[in-house]
Amino acid sequence: MNITTQSYKPGEHPSLPPPRNLVGPVKWAKDNLFGSITNTILTIVAVYLLYLIVPAILDYFFFNAAFEGSSRAECREIAKGACWAFIDERISVFTYGFYPVEERWRPNLAFVLLFVALAPVLFDKVPYRGKLLVFSLLYPLLAVLLIVGPVSVESMHFSQGVSGPLTWLVIFAFASALFVYGSKTHNALAMVVGIVPAGFVLVAFFLSDALWISIPDSIGLTNAADDIYIFEPVDTHLFGGVLLTIIIGVTGITLSLPIGIVLALGRYSNLPAIRTLCIMFIEFIRGVPLITLLFVASTMLSYFLPPGTDFDLLLRVLIMVTLFASAYMAEVIRGGLQSLPKGQFEAADAMGLKYWQTMRHIILPQALKVSIPGIVNTFIGLYKDTTLVLIIGLLDILGVGKTAISDPAWNGLSTEVYVFVAVFFFVSCFGMSRYSLYLERKLHTGHKR
Amino acid sequence: MKLKSILVAGAAMAMSATIANAATLDDVKARGELNCIVTTGLVGFAYTDESGKWNGFDVDFCRGVAAAVLGDGMKVKFVPTTGKTRFTALNAGEGDVLYRNTTVTMSRDADLKLTFLGVNYYDGQGFMVSKDLGVTSAKELDGASVCIQTGTTTELNLADYFRATGMSYEPVPIETNEEARTNYLAGRCDVYTTDASGLAASRATFDDPKNHIILPEIISKEPLGPAVRQGDDDWADVNRWVLNAIIEAEEFGITSANVDEMAANPPNPSIARILGVEGNYGEMIGLDNEWAKRVIKAVGNYGEIFDRNIGPNTEIGLERGLNAQWKDGGILYSAPIR
C-alpha cells in the first residue's frame, strides 16, 4: 500500500469491523457449543434431552391442558394433560383461605397499601418519600386493624384493674407528660420510659373495639343489633392460603431485620452481660429446628400458660418465626461487622463519636451493605419456611392445596396444586432476589470485586 | 437434682393444666364454638370445597356434636393435624374432640391418655399392587418395596405381618395419602398399603383403575373412632351419645327429612326417647332434650352421612360391608338410648 494514498492522518483511521467469522451467533456457537469434541458431544446430548423433555412439559401444562370443567372426570374428558380448572375454581380459597367472603375487601386493601408502605422503604426516588415513610411506620397498625379487625377490649384487660379505662387514661397522661418533659430537657431515658407505655396505650386504643364498635355504635354509625359494623373482627383461624403466607412472611421479614441488628450489635458489645445474653439467645434458637419451635408454640405452650388463657395461635407462630429469623439475621449481620477493618472503629473513636453515632454513621452502613446477599438469603429462607405451619394446623397456600386435593370430585390432581404453589413461591422469591441485586448495584461504591 | 426438680415442676404444671381443662362442655358452650381435630385432608373423610367449607365423613360427625351442644352444626372450628401431631394437639387442648380416622388401640387409650368413644368406621388394612407385578396374594410380596404412612397403626401392622410370615420388605416412608398415591403411581414402591377404604378411594382416582388390584388379605382390624382427652367423663359422655344417636337413628329409620314428623308423632317409644319426646336423656348429659333431634336434622343418620360422603353413589364408592347395621349383616351396633 502506498503511503501517499492514505486518506486518513496517522492514528485517525476508524476501527474496521472484525472479520465476519469472528462475530455473530455462528462464532458464539462455535466457541461455546462446538469448541471441542467433548463439547460437541455434550451439546448434542443436551439438545436431545431438551427435545425429549420440553415438548412433553409444554404439552402437559399448556397445549393439552383443560381449563374448564367442574370435576376431575370432566377435565379428563376434555384433555389428557393438566387440569387447571381445579386451580381456577379454588383460586379464592388459595388466596384467602377461609376468610369471610363479604370481608375480603379488607385484606385486598391491606395488600395494596402494603406496596404503598413498602415503596418508600425499598426505593429512594419515590415522590413524597418523607411523608410516605411516616405512613410506612403506621402501616402495621392499619394492617392489623384491616385484616384482624378490632381487638376485644376484654382480651386486652382494659376493663380490669381499679376502674378500667380511667386507669389507662391516667397511665397515658403520666407517660406522655414524662415523654414531653424528656424531649424538652433532652433526657433520653425519660423519653424512652415515657414513649413506651404511652405508645402502648395509643396502639391498644387504636386497635380496640371500644374505638371501632362501641363509639360508632353510640352515635349510630353502626348497629350492634343488626351486626352492621365498620370493621367486623375476623378470627385468625380463618386466615389461610396466600394471605397467611404473606402475613407470616412479611411480619417475619420486617421484624427480624431490626431485631437481628440489635442482637448482632449485642453480640459484638463490650458489655459482658449483654453479650452473654445475645450469644445465649442466638445459639439457643439456632440450635433448634424451626419445626420444633412451631410445635412448642402450638401445643406445648398451653401447658405452661395459666389455664383458660387464649393466646392466639397465629400470634404465637408469628413470634416464633420472627425470633427464629432474627437469630439467623444476627449472625449474617455479624459477618458484615467482622468484615470491617478495626481501623474503622478506631477512626470513629478518634473522632470522638459516641457508640450509637459510630454505629449509625460509620459501622452499620458498611456492614449492612456487605451483608445484603446474606440478609436476602435469610429472607427467602424464612419466606419458604412459612409452609412448615401446616404441621401445626395452620393452612397456608400449601396446606390449603393439600386439603383441596382430598375433595373427591378433584382427587388426584396433586401435580397441578404443587406446580401452582411452586410458581407462586418462585415469583415471590425471585422478586426478592432481583431486588437485592438492584440494592447491591445502587450501593456499589467500588469495593466490589 | 436441680434438673429433676424442674422436670417435676413442669409435670405438675402440665397436670394442673389438664385438670383445669376438665369442664370441656362448659368451655365449648362459653366459647360458642367446637374445636374439632381432623386430618389435613383425606378423600371422603375430610376436605375443603371451593368456598373453603370443610366436608366429609369425619367432618359430619364433628358437625353433629356441634349441633347437639351449640344448636348449630356450622359452629365448628376445624384443627387440621397430621398423623404425628393429632394426639399432642388433643392433649394440649387445641381441640375438644378428635375425629381423624384414628384407629382405637389399647396403647393410645391407656398410654396416650385418651378416651375413645366408640367406632364410626370399621376398617382393615389391605395391599394394592399393579397387575403388572403378577402378584395375587400378599404372601407373594417377599422383598417388595412398600409405601407406608409414618406414625400410623398401618406402619406397625405391616412390620408385624411381614415378620410373622417371614418375608422381607423395603419401607418407603411417606406422610399423607396423597403423597402415597403419587409415589405409588410413579413406581417408587411396588405395594401401597393403608386401610382398605383408603385404597379403594385412591384407586377410584387412577387413570387406569383396572390395572391395579387390592389383594384379598386384610391383615388388621382398624376400628376408626373419635377420642377426647382422658379425665373429662361428662364431655366423653356427650360425644359418645351423639355418636350412638347417629347410629341408632338409622336403625329406627329416623332421617334428616322425617325427623320433625317423627318427633311430632313418634311411631314407637325408642324413637320418642331419642328425639326427647319421652324422658329427659338430654339433661343427663348436660344438654337439653332435643339434642339428638338437632344432630339428625343437621347431619342426618349414619346411613345418610355414609352415603353422602363415601357411599356407593360417590366417587369413592365404598360398600357398607362391616359398617352395615347389625340387622343388615354388619357390626354397627349402638347401645340403646334409654
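Lys113(B) lies in the loop that runs between α5 and β6 (114-116) of chain B. The model is predicted. Phi of Lys113(B) is near 60 degrees, a positive value in a residue other than glycine. Asn101(B) also has a positive phi, of about 25 degrees, although Asn101(B) is not a glycine. Asn101(B) belongs to the loop between β5 (97-98) and α5 (106-110) of chain B.

A further loop of chain B, between α7 (177-185) and β11 (191-195), holds Arg188(B). Leaving aside residues up to four places away in sequence, Arg188(B) touches Ser145(B), Val172(B) and Asn183(B). With Asn183(B) there is a polar contact, side chain to side chain, at 2.6 Å. Thr205(B) is 17 residues from Arg188(B) in sequence. In space, the two are 18 Å apart, C-alpha to C-alpha.

Helix packing was examined next within chain B. Two packed helices are described by the angle between their axes and the distance between the axes. Helix α9 (residues 233-251) of chain B packs with helix α13 (residues 291-299) of chain B at an angle of about 65 degrees. Their axes are 10 Å apart. The crossing of α9(B) and α13(B) is right-handed. From α9(B), the contact is made by Trp241(B), Val242(B), Ala245(B), Ile246(B) and Ala249(B). From α13(B), the residues are Trp291(B), Ala292(B), Val295(B), Ile296(B) and Val299(B). By class, this contact has 10 nonpolar residues, with no polar and no charged ones.

Salt bridges were then counted. Over all chains, a search of the whole structure finds 23. One of these joins the side chains of Asp260(B) and Lys293(B), with an N to O distance of 4.0 Å. Asp260(B) lies in helix α10 (residues 259-264) of chain B and Lys293(B) in helix α13 of chain B, so the pair ties together parts that are 33 residues apart in sequence.

Chain A gives 35 residues to the contact, and chain B gives 35 residues. The area buried between chain A and chain B is about 3,000 Å². Carbon and sulfur atoms give 58% of that area. In chain A, the residues that lose the most area to chain B are Tyr303(A), Pro408(A) and Asn411(A). Together these three account for 21% of what that side buries.

The side chains of Arg316(A) and Glu94(B) meet in a salt bridge at 3.5 Å, N to O.

Several helices build the side of chain A that touches chain B. At least two residues each come from α3 (72-78), α4 (84-96), α12 (290-304), α13 (313-339) and α16 (397-405) of chain A. The largest share, 6 residues, comes from α12(A). By class, the residues on this side of chain A divide into 16 nonpolar, 11 polar and 8 charged.

Definitions and conventions: Residues are numbered from 1 along each chain as its sequence is written. Chains are lettered from A and ligands numbered from 1 in the order in which they are written. This is a predicted model: local features need pLDDT of at least 70, side-chain atom pairs count only at pLDDT 80 or more; totals for chains, interfaces and linings use all residues. Side-chain values use heavy atoms; hydrogens and water are left out. Contact means heavy atoms within 4.5 Å. Buried area is the accessible area (1.4 Å probe) that two parts lose on being put together, summed over both. Helices (H or I, at least four residues) and strands (E, at least two) are DSSP runs, numbered from the N terminus. Ala, Val, Leu, Ile, Met, Phe, Trp, Tyr, Cys and Pro count as nonpolar, Asp, Glu, Lys and Arg as charged, and the others, Gly among them, as polar. Axes are lines fitted to C-alpha atoms, for helices over the stretch in contact, and angles run from 0 to 180 degrees between N-to-C directions. A crossing is left-handed if the near helix is turned anticlockwise from the far one by less than a right angle, and right-handed if clockwise. A polar contact is a pair of N or O atoms within 3.5 Å; within protein, one must be able to donate a hydrogen and the other to accept it, and residues adjacent in sequence count only if both atoms are side-chain atoms.
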